[in-house]
Amino acid sequence: GNILDDYLRTDGVWILTRNKQFYTTNNEKECAEKCEAERNFNCRAFLFTRKILQCLTLAENAKMTVMFNSTDAVLYEKKIYLLQCKRGIGKDYRGMEAKTRRGIPCQKWAEKTPHNPNYTPEKHPNAGLDENYCRNPDGDESGPWCYTTDPATRFDYCNIPECEGQCIQCNGEDYHGGVSRTESGLECQRWDAQEPHMHGFTQKHFPEKDLKMNYCRNPDGELRPWCFTTSPTKRWEYCNIPRCPTHQAVSARGSQCLSGKGEAYRGRIAITESGTACQHWDTQFPHRHGWKPDRYPCKGLEENYCRNPDGEKRPWCYTINSSVRWEYCAVPHCGGTELEIAGMSNVPVQVPLSEECYRGKGQSYRGTTSITVSGKKCQAWNSMFPHRHEKTPERFPNADLRENYCRNPDGDNSPWCFTTDPSMTWEYCNLKRCDDHTEE
């Protein structure tokens with residue numbers, strides 16, 4: 001295969017490094033060959049400048065030093081040094097974990113105290129025995145290990161997660177694995193890069209979504225983890241990560257009463273607050289919808305029980321009344337009183353069904369759709385990149401400008417959003433009006 005397939009490419013950046021060697025080469029492949037043949041240090045990356053065809057082999061990568069913009073430079077980092085997970089027994093693990101599974105710091109491989117090592121960088125130059133990082137130089141079946149700094153414990157194993165065989169629970173919202181290719185085999189673009197695709201999904205704007213490296217993630221409630229691709233002609237794509245074979249029954253975990261917005265409610269109430277029976281989630285009559293149990297396996301969409309899969313004010317359901325698409329349910333509060341439950345019926349029904357449709361001009365739409373009519377992803381409302389704007393949550397506090405969900409804060413014809421495509425400032429969203437009858 002192509003020697004560059006083993007490297008992660010980032011255009012327009014430079015990194016500060018102490019250990020480097022200069023070479024003159026004709027292209028990136030020749031520079032990669034210099035990195036592979038480097039004997040002065042472990043070559044973790046190389047920089048190639050296109051104008052003067054200069055090649056710099058580096059002992060550091062972007063995880064170990066400072067990175068800044070440099071228009072003409074291209075950074076190539078060896079993927080093996082970026083992985084924080086192990087494949088098989090981890091003989092090729094080159095991550096930066098430096099403590100044992102019990103939390104004891106590792107001893108440096110080149111030091112002789114408190115333990116005199118059998119495995120040293122001199123004896124095993126190709127085993128990656130750098131600093132005090134966990135390694136597996138002897139092919140131990142139990143995986144990477146290290147000598148410890150505890151005089152009473154000569155060595156111990158490290159807790160390194162598996163790369164292969166990872167799977168997703170639910171829709172992969174909590175997936176933190178190291179898969180970095182899409183289902184068609186394209187390499188993922190780094191989340192902190194804006195080439196070849198500019199976007200607003202950054203660690204700064206989504207700090208809780210673990211947008212590290214170029215790993216597949218699901219920061220916006222998609223059906224499964226995805227990433228922007230390094231192909232200029234394919235903006236984003238889902239990743240091929242298998243579902244875990246078993247997961248805890250959704251009915252077994254969850255609440256039988258209303259706590260917060262009731263997203264964890266797994267009780268069996270199946271009547272709306274007006275007394276109308278709920279439509280079964282696995283049927284499309286009398287109302288067509290997208291909340292299908294097989295698409296959202298952890299939302300508890302069983303039978304026709306009231307649920308809150310989309311972060312509404314409280315549990316709801318579609319109704320069997322063809323003229324009333326959906327309605328809230330009267331679920332008792334945890335530790336609440338009958339008066340509290342009775343008072344719930346006075347809460348006005350303002351919001352149409354999340355994700356599926358909107359009423360009027362959609363100013364009351366509070367769903368989680370974040371895709372435009374042409375398939376572009378929405379820019380986060382609190383982000384100014386790639387488009388600067390004045391539609392911020394602070395200026396429109398009543399418009400519910402959360403995450404990158406479609407909204408209509410300014411009374412436009414229908415819900416819309418700014419897009420993550422630099423060439424398209426904004427676009428209407430892929431939503432229908434609730435009174436557009438699409439069913440037969």
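Biologist: What is the handedness of the link of C31 and C55?

Modeller: A disulfide is a covalent bond between the sulfur atoms of two cysteines. In this predicted model, the link of C31 and C55 has 85 degrees about the S-S bond and is right-handed. The two cysteines are 24 residues apart and tie together distant parts of the chain: C31 sits in helix α1 (residues 28-37), C55 in strand β4 (residues 54-58). From S to S the disulfide spans 2.0 Å.

Biologist: Are C31 and C55 buried or exposed?

Modeller: Both C31 and C55 are buried.

Biologist: How many disulfides does the structure hold?

Modeller: There are 13. Another of them joins C278 to C317, again with 2.0 Å from S to S. Here the angle about the S-S bond is -75 degrees, and the link is left-handed. This pair also links distant parts of the chain, 39 residues apart: C278 is in the loop between β9 (236-238) and β10 (316-318), while C317 is in strand β10 itself. C278 and C317 are buried.

Biologist: Where in the chain are C306 and C329?

Modeller: C306 lies in the loop between β9 and β10, and C329 in the loop between β11 (326-328) and α2 (338-343); 23 residues separate them. Their sulfur atoms are 2.1 Å apart and form a disulfide. With -85 degrees about the S-S bond, the link of C306 and C329 is left-handed.

Biologist: Now the charge. Which side chain of opposite charge is nearest to E427?

Modeller: That is K376, 4.5 Å away. A salt bridge requires a side-chain nitrogen of Lys or Arg within 4 Å of a carboxyl oxygen of Asp or Glu. E427 is buried yet has no salt bridge.

Biologist: Which side chain makes a polar contact of 2.8 Å with that of E427?

Modeller: The side chain of T372 does. E427 itself belongs to strand β14 (residues 426-428).

Biologist: What else is E427 in contact with, leaving aside neighbours within four places in sequence?

Modeller: Besides T372, E427 is in contact with V373, S374, K376, W416, C417 and T419. K376 is thus in contact with E427, but E427 has no salt bridge.

Notes. Residues are numbered from 1 along each chain as its sequence is written. This is a predicted model: local features need pLDDT of at least 70, side-chain atom pairs count only at pLDDT 80 or more; totals for chains, interfaces and linings use all residues. Side-chain values use heavy atoms; hydrogens and water are left out. Helices (H or I, at least four residues) and strands (E, at least two) are DSSP runs, numbered from the N terminus. Buried means under 20% relative accessible area, exposed over 50%, partly exposed in between (1.4 Å probe, protein chains only). Lys and Arg count as positive and Asp and Glu as negative; His and the chain ends are not counted. A polar contact is a pair of N or O atoms within 3.5 Å; within protein, one must be able to donate a hydrogen and the other to accept it, and residues adjacent in sequence count only if both atoms are side-chain atoms. Contact means heavy atoms within 4.5 Å. A disulfide is a pair of cysteine sulfur atoms within 2.5 Å.
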